[in-house]
Amino acid sequence: MSVLTPASEVILRHHEHLRAHHLLFAGDLQDDLATEIEAASVRVHTNQYHHWQSLIRKLGDHAWYGLVADSAFIQDCDTLIYYWPKSKQEARFQLRNLFSILPVNTNIFIVGENRSGVRSVDKLMEDVMTFRKIDTARRCSLFYGQLKDQVQFDQNNWWNSYQVGDATINTLPGVFSQDDLDVGSRLLLSTFDAPISGKLLDIACGAGVLATVLGKKNPDLSLTLSDVSAAAITSSKATLKANKLKGNVVASNVYSAIEEKFDWIISNPPFHDGLKTTLVAAEDMIRMAPSYLKSGGQLRIVANAFLPYPDLLDKAFGGHEVIAQTGKFKVYRATKK
């Protein structure tokens, strides 16, 4: 069996009780347990495109990618194994969605690292069902409950919005900068003090704030936005629509679904996947950027100053500039020659 996260190791301690059941995995999956565990059947719902890409290699159409679960896809499942994400609101959104379509009497297992906030599940879901803690190990907790009644769920009730200048930003739970524009993105936007044109790609677009603000200021700019998160994809589409902007919004693991070349690639790249710190996506974005830029095209990103991006930029582009910085963030510019 492949290397498992501590949360999955806790699940395996209860494998004998799961072996005869029809399992649905959901939430913040970070390993391949769902593809390796022995059970009557296994299905996975994920809202992370890069996880889905990995899962379908072994599970095929038993892996589902999307913002919300599909009732036909999960109707035969009798046991949910849910991995708690770092956002409590995202957990509530996903669980209420699942509890609205899972069959009554479904077994519910919720597992997560203690630092994720999983121990608050009782309070957060007390209006739906009662959970009891059944295991603690590897700095993780496992809770169990049984679904007695389906709940009401309406995606439209979960939207949040805020303004960035004259731009309206629409967001769903779990999307970066859900409640307000973050400091790093604000710094990056401040460097675009002159009009720009051509084709722009916003990688790890979140709610689409970067592309939207620049698109409103530069009407001739052609916009493409990408992210791995289904919540981000849905939010970005809603943000563009609210601002009467046209753009192509795609689920993509960095450049996996990108086929064009651009004049601009911009990003406030993540360095976490769930609770895990990882630079893989940002490193791939920088390393492969010249292949997706036109001659004279520019990569412009903002990042925490301590992250090791300067050497990567120099290796990919032959040089870079720092065009804005604070005590915490730097904005890097690199141009394809």
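**The domain boundary and its surroundings**

Analyst: In this predicted model, the centres of domain 1 and domain 2, taken over C-alpha atoms, are 31 Å apart. Domain 1 covers residues 6-155, and domain 2 covers 160-336.

Start with the extent of the interface. The size of an interface is often given as the accessible area lost when the parts come together. Here domain 1 and domain 2 bury about 1,600 Å² between them. Carbon and sulfur atoms carry 57% of that area. On the domain 1 side, Y49, L67 and K86 lose the most area to domain 2. Together they account for 29% of what that side buries. In terms of contacts, 20 residues of domain 1 meet 18 residues of domain 2.

Next, the polar side of the boundary. Between domain 1 and domain 2 there are 0 salt bridges. Polar contact does occur, in 5 residue pairs with both residues at pLDDT 80 or more. Two elements, α4 (49-59) and α6 (88-99), each give two or more residues to the side of domain 1 that touches domain 2. The top contributor is α4, with 4 residues. By class, that side of domain 1 has 11 polar, 5 charged and 4 nonpolar residues.

After α4 comes G60, with a positive phi near 60°.

Now move into domain 2, which runs over residues 160-336. Helix α8 spans residues 183-190. Its buried residues are G184, S185, L187, L188 and L189. The cover over them includes helix α9 (209-217). It also includes strands β13 (262-267), β16 (293-304), β17 (321-325) and β18 (329-335). At the start of α8, a side-chain oxygen of D182 comes to within 3.3 Å of the backbone nitrogen of G184.

A loop residue comes next. N243 sits between α10 (230-242) and β12 (248-251). With a relative accessible area of 7%, N243 is buried, because that value is under 20%. A polar atom of the N243 side chain lies 2.7 Å from the backbone oxygen of T239. Leaving aside residues up to four places away in sequence, N243 touches D166, A167, T168, T212 and K216.

Finally, the salt bridges. The count comes to 10. In one of them, E321 pairs with R333 at 3.1 Å, N to O. E321 is partly exposed, at 39% relative accessible area. R333 is also partly exposed, at 23%.

In domain 1, which runs over 6-155, E16, R19 and E38 are linked in a network of salt bridges. R19 meets E16 at 2.5 Å, N to O. R19 also bridges to E38, where the closest N and O atoms are 2.6 Å apart. E38 lies in the loop between α3 (33-36) and β2 (41-46). R19 lies in the loop between α2 (15-18) and β1 (22-27). The two are 19 residues apart. R19 is partly exposed, at 32% relative accessible area. E16 is exposed, at 59%.

Terms used: Residues numbered from 1 in each chain as written. Predicted model: local features only at pLDDT ≥ 70, side-chain atom pairs only at ≥ 80, totals over all residues. Heavy atoms only, no water. Domains from an automatic or database assignment. Contact = heavy atoms within 4.5 Å. Buried area = accessible area lost by both parts, 1.4 Å probe. Salt bridge = Lys/Arg side-chain N within 4 Å of Asp/Glu carboxyl O. Polar contact = N/O pair within 3.5 Å; in protein donor to acceptor, adjacent residues only side chain to side chain. Nonpolar A, V, L, I, M, F, W, Y, C, P; charged D, E, K, R; others polar. Buried < 20%, exposed > 50% of the residue type's maximum accessible area, 1.4 Å probe, protein only.
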